[in-house]
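Dear colleague,

I am passing on the structure we spoke about, and below it you will find my notes on what turned up when I went through it. Please read them with the structure open beside you.

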Amino acid sequence: MSDRRGSLRVRAAAVVAAGLTVAAGLGVRSVAAGEFAKCAGDALYTVLVYALVVLAAPRVRPARAAVVAAALSWAVELFQITGVPDGLGRRSTLARLVLGSTFNPPDLVWYLVGAASAYAAHRVLRPREVAAPGT
């Protein structure tokens with residue numbers, strides 16, 4: 001498979017994964033509430049970030065994508081300590097969805113759960129490189 005075609009296929013899969021992740025998040029919110037829905041939402045947030053990392057860099061290795069997704073999720077959570085995301089979220093629904101509002105230390109753990117889950121799924125679902133005969 002050509003490198004370009006492979007990248008397009010990976011990007012398409014990342015778009016599908018992002019869509020399924022958003023659907024899962026909305027689904028969880030529609031059938032559950034409370035702590036379960038919040039924790040699931042935190043993990044799915046990082047799964048979505050992971051899918052966007054793969055979309056942006058289709059050749060990224062799963063471990064690197066997981067680290068980047070977790071780091072970005074942690075950065076957003078830690079940014080909440082400043083109060084800026086809360087202020088922005090009061091003026092913009094998109095800002096509230098992307099940046100959240102208030103710092104909550106347990107969220108950091110759920111971001112790791114999301115990154116680990118996305119990593120595991122990526123490892124299982126990604127195509128294996130086929131070695132040339134004799135190598």
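**Notes on the structure**

Leu88, leaving aside its neighbours within four places in sequence, is in contact with Ala95 and Leu99. Please keep in mind, for this and for everything that follows, that the model is a predicted one. Leu88 itself belongs to helix H4, which covers residues 84-91, and with a relative accessibility of 32% it counts as partly exposed. Between the C-alpha atoms of Leu88 and Ser101, which are 13 residues apart along the chain, the separation is 8.5 Å.

**The chain as a whole**

The protein chain contains six helices and zero strands, so that its pattern, read along the sequence, is α-α-α-α-α-α. Taken along the principal axes, the box filled by the C-alpha atoms is roughly 60 × 30 × 25 Å. Of the 135 residues in the protein chain, 33% are buried, and among contacts with a separation of 6 or more, 63% are between residues 24 or more positions apart.

**Helices H1 and H2**

Two packed helices are described by the angle between their axes and the distance between the axes, and I have followed that order below. Helix H1, residues 3-31, packs with helix H2, residues 34-56, at an angle of about 165°, and their axes are 9 Å apart. Since angles over 145 degrees count as roughly antiparallel, this angle makes H1 roughly antiparallel to H2. The two helices cross in a left-handed sense. On the H1 side the contact is made by Val10, Arg11, Ala14, Val15, Ala17, Ala18, Thr21, Val22, Ala24, Gly25, Val28 and Arg29, while H2 contributes Phe36, Ala37, Lys38, Ala40, Leu44, Val47, Leu48, Ala51, Val54, Leu55 and Ala56. Sorted by class, the residues of this contact are 18 nonpolar, two polar and three charged.

Thr21, which has its place in helix H1, is buried, with a relative accessible area of 9%, and when residues up to four places away in sequence are not counted, Thr21 touches Leu44, Val47 and Leu48. Leu44 lies in helix H2 and, with its neighbours within four places in sequence left aside, is in contact with Thr21, Ala24, Gly25 and Val28. Val10 also takes part in the contact of H1 with H2, but the C-alpha atoms of Leu44 and Val10, which are 34 residues apart along the chain, are separated by 20 Å.

**Helices H2 and H6**

Helix H2 also packs with H6, where the axes come within 7 Å and cross at roughly 50°, and the two are therefore oblique to each other. The crossing in which H2 passes H6 is right-handed. Here H2 brings Lys38, Cys39, Asp42, Ala43, Tyr45, Thr46, Val47, Tyr50 and Val54 to the contact, and H6 brings Asp107, Trp110, Tyr111, Val113, Gly114, Ala115, Ala118, Tyr119 and His122. By class, this contact has 12 nonpolar, three polar and three charged residues.

**Helices H3 and H6**

The axes of helix H3, residues 62-79, and helix H6, residues 106-125, come within 9 Å and cross at roughly 160°, and H3 and H6 are therefore roughly antiparallel to each other. Their crossing is right-handed. From H3, the residues Pro62, Ala63, Ala66, Ala70, Ser73, Trp74 and Glu77 meet Asp107, Leu108, Tyr111, Leu112, Ala115, Tyr119, His122 and Arg123 of H6. The contact of H3 with H6 divides by class into 10 nonpolar, two polar and three charged residues.

**Thr46**

Which residues is Thr46 in contact with, leaving aside its neighbours within four places in sequence? They are Ala69, Ala70, Ser73, Tyr111, Gly114 and Ala115. Thr46 lies in helix H2, and at 0% relative accessibility it counts as buried. The side chains of Thr46 and Ser73 are joined by a polar contact of 2.8 Å, and Ser73 is in turn one of the H3 residues in the contact with H6.

Terms used: Residues are numbered from 1 along each chain as its sequence is written. This is a predicted model: local features need pLDDT of at least 70, side-chain atom pairs count only at pLDDT 80 or more; totals for chains, interfaces and linings use all residues. Side-chain values use heavy atoms; hydrogens and water are left out. Axes are lines fitted to C-alpha atoms, for helices over the stretch in contact, and angles run from 0 to 180 degrees between N-to-C directions. Helices (H or I, at least four residues) and strands (E, at least two) are DSSP runs, numbered from the N terminus. Angles under 35 degrees count as roughly parallel, over 145 as roughly antiparallel, 65 to 115 as roughly perpendicular and the rest as oblique. A crossing is left-handed if the near helix is turned anticlockwise from the far one by less than a right angle, and right-handed if clockwise. Contact means heavy atoms within 4.5 Å. Ala, Val, Leu, Ile, Met, Phe, Trp, Tyr, Cys and Pro count as nonpolar, Asp, Glu, Lys and Arg as charged, and the others, Gly among them, as polar. Buried means under 20% relative accessible area, exposed over 50%, partly exposed in between (1.4 Å probe, protein chains only). A polar contact is a pair of N or O atoms within 3.5 Å; within protein, one must be able to donate a hydrogen and the other to accept it, and residues adjacent in sequence count only if both atoms are side-chain atoms.
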